[in-house]
Structures are given as C-alpha cells and as structure tokens.
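Subject: Handover of a structure and findings

Dear colleague,

Please find the structure below, passed to you for your own work. My findings follow it.

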Amino acid sequence: MTRAGGRTRPSSSHSTTLRPEKHRYFTRSRLKRAVIFNDQDGRINLTSDEEHRHKTELLKPLDRGKALKVTHVNVQKEENGLRHHTFDYQVDNLVVRRGWPFTMSFDFDRDVDVNNDRITLQLAYGSRPQFTKGTLLRLDVHLKNKSKPSLGSNKFAANVYKVSGRHLSLTATTPPDAFVGPYALFLETRRRGDKSSKRRQKLKTGEVYILFNTWCEDDVVYVKDEEERREYVMNEHGRIWRGSALSNEGTPWYYGQFDRPVLEAAIFLMDSADVKYSARRGPIAFVRTLSAMTNSNDDDGVLVGRWTKTYPKGCTLPTDWTGSVKILNQFMSENKPVEFGQCWVFAGVITSLLRALGIPTRCVTNFSSAHDRDSSMTIDNHFDENNQPIKWMNDSVWNYHVWNESYFKRPDLPEGYDGWQAHDATPQEVSEGVMRCGPAPVKAVKLGHVYLNYDVPFVFSEVNGDKVMWKYYQNNIPNYTFLCYMYLFIKKNCLKKKVSEDGDMEVVDIDTHAVGKYISTKAVGSNLRHDLTLEYKYPDGSKEEADVLKLVHQYSSRADNDIYNKPNEDVEFRIAMTPPIVGFGEKIMIEIHALNKSKVKCKIKGRVTLTSCYYTGVLDKDIKSLPFYETMLPKSEHSFRFDVSPHEYLNKLNLDACLMVNAIFNVEGTKQNFARSFSFSLLKPNLIIKVPKDIKVKEETSGSVQFTNSVGINLTSATIHLEGPCISSTREISKPIKPGESVKIHFKICPRRTGYCEINAKLTSDQLTDIDGSASFQIFKS
C-alpha cells in the first residue's frame with residue numbers, strides 16, 4: 001500500500017476510507033480527493049505528486065560529457081551524529097539538527113579542477129519539491145573559497161573545507177527554521193564553458209533527516225539548560241505518574257525515541273495527514289497533527305482508545321504496555337491502528353514521537369482531573385433524597401489524567417506565552433473538528449486567558465473546575481424521564497441554585513478545591529516526582545486565584561448565573577482516610593469528623609457510600625453504604641467511622657482497582673449541607689528485576705523477574721511483559737499464582753551501546769493488572 005507521496009508500509013487487509021476534511025493542517029488531502037473524484041477540474045491544478053516529480057527537470061538524472069562523476073559518498077554519520085546529538089538513532093540515514101553545519105565527503109572519477117569544475121549540492125524536500133516554494137534547494141559549492149560555516153546561519157549554504165586530487169570535503173549549513181523531515185540529496189557537476197558536460201546524480205546515501213535543534217539559540221525549541229535538554233530530548237526512559245491524589249507512583253515507560261521505527265513513524269504520520277510542507281517549519285503543526293494522528297478517532301492513527309469493562313480475548317490491554325516502541329512497531333508493520341490505549345499510553349507515544357523529532361517534550365499527570373463537557377467550568381455531582389449518588393448524571397473527575405507538554409516559542413500569540421505548551425492526544429473533545437487538544441500555553445492556563453489558542457478553556461477546566469453537589473428531591477415526579485429532563489435542563493440552561501420553585505433539585509455544597517491536584521512530571525536527572533501545580537494555577541484560596549476565576553467566569557456557560565451563595569456553616573465537617581494509603585487486600589477506614597460551632601443542639605443526618613470505579617471517575621459497582629444519625633450538643637465534636645473489610649470489596653473491583661467515596665451530611669433545622677467525593681487507588685505489589693552489576697556492550701547477559709503474590713487471591717492467566725533498549729519480550733505463566741506464592745522468569749539481553757539503560761516489566765492477570773517494576777544499570781565497553 002502506498003500513501004503520502006510514495007512512503008509505504010506493508011500492505012494488509014485493513015481498509016481505509018476517505019474522510020471529510022476536518023483537520024486545519026490536513027490541507028493537501030483536498031487535492032488528493034479532487035484527483036480521485038475529479039470534482040475540481042478547471043478550478044485548481046490537479047497535477048499529482050508523481051507527475052510533478054516527473055516534469056521537474058532538476059530531479060532527473062543527467063550523465064553528459066566530461067563533468068565530474070561521483071564514485072563514493074561519505075556522509076560521516078558517526079562524526080555528524082556525535083556533534084549533533086543524533087548518534088543513537090538506529091536508522092541507516094544521516095540525522096542532523098537544523099541551524100548547525102554537517103560534513104560530507106565525495107570521491108570522483110578524476111581529479112577536481114578548481115578552476116573549471118562547477119559543483120552544486122541539491123536538497124529536495126517533500127513529495128513535490130519546487131524551487132519557488134523553498135522545497136528544492138540548490139547550493140553552489142565555490143571550490144576556491146574555503147570558509148567556516150557559522151552556527152545558526154539563516155540560510156542554506158555549502159562550504160568547501162578540503163580539495164585534494166579526486167577528493168572533496170564540504171560542510172552544509174541549514175537555517176534554524178528549516179523544514180523538519182527527510183531531504184533527498186543530489187550532486188550536480190558541470191564544466192565551465194562546456195554546456196554539453198553536465199551530470200546530476202541522486203546520492204545513494206538515502207535521505208538526510210533534519211530535525212529541530214534545542215541546542216540552537218535561534219530555533220524556536222531552544223532550551224537554555226543543558227540538563228533539561230538531556231532530559232526532554234535525549235532521555236529514552238521515563239516515569240509517568242499514575243494512581244490518585246492520595247496514593248500515586250511513577251510508572252516506568254520506555255520512550256525509545258532513537259529506536260526504529262519511531263522517527264520514521266513521526267514523518268509517516270505527518271505525510272499521512274497531508275500537512276502542508278510550509279507548516280513544517282514550526283512545532284505547532286507537528287504537535288497538533290501528531291496529537292490527532294496518535295488516536296484513531298478521525299484517521300487510521302496509531303492507537304485505539306478503550307475504557308470498557310471488558311476487552312476482546314487475546315488483545316493487548318492498555319495496562320500491558322511498557323513503552324512506545326512495541327506500539328509503533330506494530331502500527332508500522334500491520335498498517336492499522338493498534339488496540340488498545342488509554343491516556344498514559346497516548347502520552348507516552350506522543351513523547352516518543354516528538355522527542356524523536358527534537359521537540360522537548362514530557363508527560364504531565366493531573367490528579368483529580370475534571371472533564372468539563374459543556375463549558376460550564378463546573379463539575380456536577382448528584383445525590384437523591386436518600387443521599388445516594390445518582391451515577392448516570394454525574395460529570396467525570398478522573399483519578400488522574402496524563403497529557404503532554406512541549407517547550408517552544410509561540411510567535412502566533414502575543415508576547416508572554418513562550419515556554420511549556422500543554423497538548424493531549426487522548427480522544428476526549430474535538431478541537432477544530434478533530435479529536436486532539438492544544439498546544440495551550442501553560443502560562444495562559446494559569447492566568448485564565450481562555451480566549452487564546454489552542455483549547456485553553458478545556459485545559460483550564462481540567463485543573464481549576466469547581467465540583468458542585470446537587471440534591472434531587474422526589475416531591476412530584478420521581479421517574480426516569482423526569483430525571484433525564486431535569487439533568488439536560490440544568491446542563492443546557494444553567495439554572496441558578498434551584499431547578500424549580502418546588503426545590504426538586506438544588507445545590508447542597510460546592511468544593512472549590514476538588515480538582516487539579518499534585519500535577520506531576522518526572523524530575524530532571526532523576527526518577528523522582530517534580531510538582532507542577534503552581535505552574536498551572538495559583539494557590540488555593542489566594543487573591544490571585546479569585547481574580548482568575550472571576551475573569552474565566554465571564555466565558556463560562558453559567559456566566560449569568562450565581563450558584564455560589566452558601567448559608568452560614570454552624571457545623572464544620574472533615575473527611576479523611578486513616579491511613580491515607582491502602583494496600584490491595586487491606587482494610588479501608590474512613591473517618592468523618594464533625595464540630596458543632598453553634599450554641600444550640602443540632603441533629604445531623606448523613607450517608608457514606610463506597611463504590612468501585614474506573615480511573616476515569618465513572619462509577620461501577622456499589623460496595624457498601626451506611627447511614628449516620630447523631631444529635632450534637634453545643635460546642636461539641638463527634639467522629640463517624642466507616643470501615644470496609646477486604647472480603648467486602650475484593651470481588652467487586654475492576655481491573656483498575658479504584659474506589660470512590662461519596663459522603664453527604666445534612667444539619668436538620670438549617671440549610672447547611674456537606675457533600676464530598678474522592679477516589680483512590682489500592683496500592684499494588686511490585687515486580688523485582690535483577691541483572692548483573694557488570695554488563696558489557698554487545699555481550700549476552702542474563703537477568704530475572706520475580707513476583708510474590710501478596711494480594712490474597714489467586715491470579716490466573718498471568719503474563720509478564722518486558723521492554724527496554726535491548727529487549728522486547730512477553731512470557732506467559734501457565735499456572736495460577738496462589739496467595740503467598742512466588743514466580744520467577746529468566747531473560748537474556750545483548751546491549752548494543754554503552755551508557756545508562758533501563759528495563760521495564762509489567763505483570764497482568766484476569767484479576768489484577770498493572771503490577772510493574774524496573775531495573776536501571778550502566779553498560780560498559782567490552
């Protein structure tokens with residue numbers, strides 16, 4: 001199957017269909033559809049890519065007369081790779097970074113005559129190279145003038161630094177805003193005064209990949225700090241934070257941006273999306289396009305997202321993946337989207353693709369992440385008159401959500417928004433008709449500048465939305481149709497505090513600090529967590545936060561309504577887990593503390609409910625629910641305990657092993673209500689990976705992975721997945737792993753290069769998934 005200007009992947013039975021144009025950058029697809037359907041004849045030029053190349057004389061080989069003939073080319077892949085920080089790319093082609101010179105040498109069939117020979121180095125970019133479009137570049141080589149190229153030159157140039165007999169060495173310089181991607185190389189030679197002598201040869205070295213350059217001050221992706229460059233462009237290993245605000249840890253992930261076929265996949269996706277070549281100078285087009293193409297919702301992109309209770313037998317669960325390379329290998333070889341992924345998998349793949357292109361990128365996790373579907377800037381939860389949560393009506397607050405940040409300048413915006421830009425490949429909401437998000441300047445999110453490109457309002461609501469608790473009273477029409485009507489009426493018309501005069505639904509409490517917690521990324525130079533919360537929002541309760549919320553409220557779908565009038569609070573409530581972190585199979589203990597601050601006696605009525613849920617915040621099975629009643633004396637305190645034993649919850653968990661607590665309390669005789677909900681993840685055991693201390697490059701070494709079942713239930717159909725720069729393997733455990741039992745598998749590695757290395761492992765089973773471990777080590781010369 002041939003797509004995107006001749007780039008190919010192996011064919012398969014997977015069919016593709018032409019879709020309506022949606023993507024702002026997918027502009028050349030219109031031309032291709034016009035050729036197929038012949039609906040643009042007479043209005044635009046319908047010349048195909050192949051015909052264009054065939055008609056372009058400068059792309060045709062020539063072999064006339066006594067002009068120099070190239071007999072050997074050396075693109076000095078190792079030397080250029082070391083200078084350009086591209087030595088580790090596992091591709092046959094030369095890979096360099098723009099804004100910096102690279103060297104090449106040529107041998108000819110005779111001695112070079114500096115007085116009479118003329119040489120031109122030609123670079124052709126894209127499937128339709130054209131001189132007037134800047135995609136066909138001709139660099140004259142002045143054989144008599146030897147000069148040193150300058151870093152960050154603003155134009156393409158070729159300079160001679162050595163001519164000796166039949167040998168020529170030259171330096172090619174690229175500007176810091178050069179088109180990013182592969183360039184075909186040609187060398188044209190001719191004799192002075194002899195029009196009959198001319199040769200043009202397409203060099204057999206393959207295409208030269210020119211990438212973004214975070215080391216070049218004039219490149220829009222320039223990062224000043226060397227340690228950050230190493231972390232966000234060069235580091236192949238990472239941690240993606242997952243869990244909940246109460247209990248979380250960094251999941252190991254192998255980005256493998258230098259491995260095959262990551263770089264090839266990034267270019268293939270851009271070509272498949274038909275992004276105009278004129279847009280490929282800057283990172284915005286790459287970020288927006290790859291965010292769309294990494295999910296499969298609008299195109300035959302890399303990953304199929306799935307968040308269902310069950311999965312097809314024999315598929316790869318989202319929790320099975322340990323890195324990006326396996327996913328991209330499968331995508332490129334099978335020519336169809338890979339099943340299945342969830343947010344952290346999408347973010348891991350995007351990090352790999354953008355780092356491969358040279359764009360500084362990292363994964364970012366937002367705990368208690370809101371999903372605002374109606375631009376109300378609020379997250380709505382609903383309870384019935386018995387204080388039970390109404391599951392189907394609630395907005396979702398994900399335990400965590402993972403997106404990406406990339407570092408670059410924003411010349412498309414007013415000054416002040418350069419730096420980290422948030423973007424998201426997880427298919428949640430459309431942006432300009434396509435499932436993608438960003439890039440949104442993180443500074444704009446913090447300042448509440450929700451009117452800026454791209455998708456700042458959505459990112460703002462993920463980290464800053466208020467959780468509004470609504471209570472429904474069955475006074476008149478307690479049927480399902482009425483509930484549906486009331487819910488839609490609230491969301492679309494954004495009523496004030498009550499839905500009707502009868503008080504059928506009203507706001508009982510608002511939690512202004514419920515979302516956007518512990519925003520996390522991997523620290524530079526270590527596997528520790530680095531907190532980004534204050535990069536996205538001002539401190540809770542600060543004047544700056546209040547000013548931002550006031551500004552943003554003007555753009556909310558509830559801009560004309562006030563739901564924030566609260567009665568005086570005579571009773572103060574607090575809710576907490578003791579201890580805050582609970583291991584899989586351990587007892588869950590929740591305590592609600594009430595303080596009567598008034599001078600009168602009061603009666604308290606409430607309910608606490610525990611429900612299993614998915615990490616997306618969607619409720620699953622009810623586990624336990626208890627009512628509470630208490631009469632409190634003036635100026636007194638009381639604690640309510642809610643305990644859940646392992647046998648009460650173990651058989652009601654899903655594979656995410658997430659739980660949600662909903663608590664609602666009413667003070668009789670006043671209008672005071674207290675409502676809170678929070679979710680948490682059960683802590684799972686780890687895998688133990690062991691490798692020898694002394695590991696030599698290109699020598700086979702053995703290691704092992706061990707797991708001890710400490711979760712109190714049998715684990716069946718267990719599988720261990722391994723991934724790293726020197727291994728990619730899956731091992732099945734044939735027998736059930738009983739409680740207290742240990743299993744061990746052995747593996748072999750043969751590292752291909754020296755330096756830091758890490759192996760990631762993950763165990764999945766029918767009952768429990770996402771048990772992981774990692775081992776890091778140094779590889780030494782033999």
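I begin with a loop towards the end of the numbering: Asp770 lies in the loop between strand E42 (755-764) and strand E43 (771-780). Here helices (H or I, at least four residues) and strands (E, at least two) are DSSP runs, numbered from the N terminus. Asp770 is buried, at a relative accessible area of 13%; buried means under 20% relative accessible area, exposed over 50% and partly exposed in between, with a 1.4 Å probe and protein chains only. Its phi is near 70°, a positive value in a residue other than glycine.

As to provenance, this is a predicted model, in which local features need pLDDT of at least 70 and side-chain atom pairs count only at pLDDT 80 or more, while totals for chains, interfaces and linings use all residues. Residues are numbered from 1 along each chain as its sequence is written, and side-chain values use heavy atoms, with hydrogens and water left out.

Backbone geometry

Most residues other than glycine have a negative phi, and most peptide bonds are trans. Asp274 is placed in the loop between H5 and H6 and counts as buried at 8% relative accessibility. One runs from Gly438 to Pro439, with omega near 5°, and Pro439 lies in strand E24 (residues 437-441). Another runs from Asn453 to Tyr454, with omega near -5°; Tyr454 is in the loop between helix H9 (442-447) and helix H10 (456-464).

Overall composition

The chain has 14 helices and 43 strands. Of its 782 residues, 57% count as buried. Among contacts (heavy atoms within 4.5 Å) between residues at least 6 apart in sequence, 70% join residues at least 24 apart.

The annotated site

Which residues does UniProt list for "active site"? The unreviewed entry gives Cys343, His401 and Asp424. They are spread over 82 residues of sequence, yet they cluster in space, with a largest C-alpha distance of 9.9 Å. UniProt positions are given in the numbering used here, feature names are shortened, and annotations may be inferred rather than shown by experiment.

Cys343 lies in helix H8 (residues 343-357) and is buried, with a relative accessible area of 0%. Beyond residues up to four places away in sequence, Cys343 touches Trp307, Trp398, Tyr400, His401, Val402, Thr426 and Tyr615. His401 is found in strand E20 (residues 396-408) and is likewise buried, at 0%. With neighbours within four places set aside, the contacts of His401 include Cys343, Asp424, Thr426 and Glu462.

Aromatic residues

A search of the whole structure finds 23 aromatic pairs. Rings of Phe, Tyr and Trp (its six-membered ring) pair if their centres lie within 6.5 Å; planes under 30 degrees apart count as stacked, over 60 as edge-to-face and the rest as tilted. Tyr407 lies in strand E20 and Trp420 in strand E21 (residues 419-424), so the pair ties together parts that are 13 residues apart in sequence. Tyr407 is partly exposed at 27% relative accessibility, whereas Trp420 is buried at 17%. Ring pairs also link Trp307, Trp344, Phe367, Trp398, Tyr400 and Tyr615 into a cluster.

Helix packing

How are H5 and H8 oriented to each other? Their axes are 9 Å apart and the helices pack at an angle of about 95°, and they are therefore roughly perpendicular. Axes are lines fitted to C-alpha atoms, for helices over the stretch in contact, and angles run from 0 to 180 degrees between N-to-C directions. Angles under 35 degrees count as roughly parallel, over 145 as roughly antiparallel, 65 to 115 as roughly perpendicular and the rest as oblique. H5 contributes Val262, Leu263, Ala265, Ala266, Ile267 and Leu269 to the contact, and H8 contributes Ser352, Leu353, Ala356 and Leu357. By class, the contact of H5 with H8 has nine nonpolar, one polar and no charged residues. Ala, Val, Leu, Ile, Met, Phe, Trp, Tyr, Cys and Pro count as nonpolar, Asp, Glu, Lys and Arg as charged, and the others, Gly among them, as polar.

Yours sincerely
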